[in-house]
Amino acid sequence: ALEDAGCDPARFPGAIGLYAGVSANYYLLRNVLSNPGLLQDGGANQAMLGGDKDFLATRVSYKLDLRGPSFTVQTACSTSLVAVHLACRALLGRECEMALAGGVSATVPQVNGYLYQEGGINSPDGHCRAFDARAQGTVGGSGVGVVVLKRLSDAVAAGDSIYAVIRTSAGPPTDRGH
């Protein structure tokens, strides 16, 4: 996302914030923590520090040398949307000049399909219809999504490519855009 935005964090003059979340790390649980040989070689503490979801934002911020606020967001299916909202609020509050927001759910191994159970969270027909009167459940996925956000006036002044404008999020509408 930073490359697409043409941003080198080391040269960016302001603070870059990160707001992101990740689903449970089943690879860590099934393959690393269950392998005594790996734990003896590297230590269980190192395995947990390197793979626990609680460290996502601060670890990525450290690795990318981001100098703004860094928050791991965990709100189940709404994690990425809440991360975008928090990033917008941080931009408006001038806590940072740029913010990354998104989420990760990487399933290893890749598994297709599920057994539908009446009363469960999964959709009976394999379709997720968020915010639709016909919604009947969710469908699991695997992927990563991250957006780079700036205040609209800053993006226009810098000549940035603008793919979308967020006019409001979980609050009263503004006519400024984020």
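These legends describe close-up views of a predicted model. Local features need pLDDT of at least 70, side-chain atom pairs count only at pLDDT 80 or more, and totals for chains, interfaces and linings use all residues. Residues are numbered from 1 along each chain as its sequence is written, and side-chain values use heavy atoms, without hydrogens and water.

View A. Strands (E, at least two residues) and helices (H or I, at least four) are DSSP runs numbered from the N terminus. Pairing requires at least two DSSP bridges between two strands.

**View B. Strand 1 beside strand 2.** Strand 1 spans residues 16–22 and pairs with strand 2 in the parallel sense, over three bridges. Y19 stands opposite F71 of strand 2.

**View C. The aromatic pair Y19 and F71.** A search of the whole structure finds one such pair. The ring centres are 5.6 Å apart and the planes lie at 20°, so the pair is stacked. Rings of Phe, Tyr and Trp (its six-membered ring) pair with centres within 6.5 Å; planes under 30 degrees apart are stacked, over 60 edge-to-face, the rest tilted. Y19 in strand 1 and F71 in strand 2 are 52 residues apart. Y19 is buried at 3% relative accessibility, while F71 is partly exposed at 44%. Buried means under 20% relative accessible area, exposed over 50%, partly exposed in between (1.4 Å probe, protein chains only).
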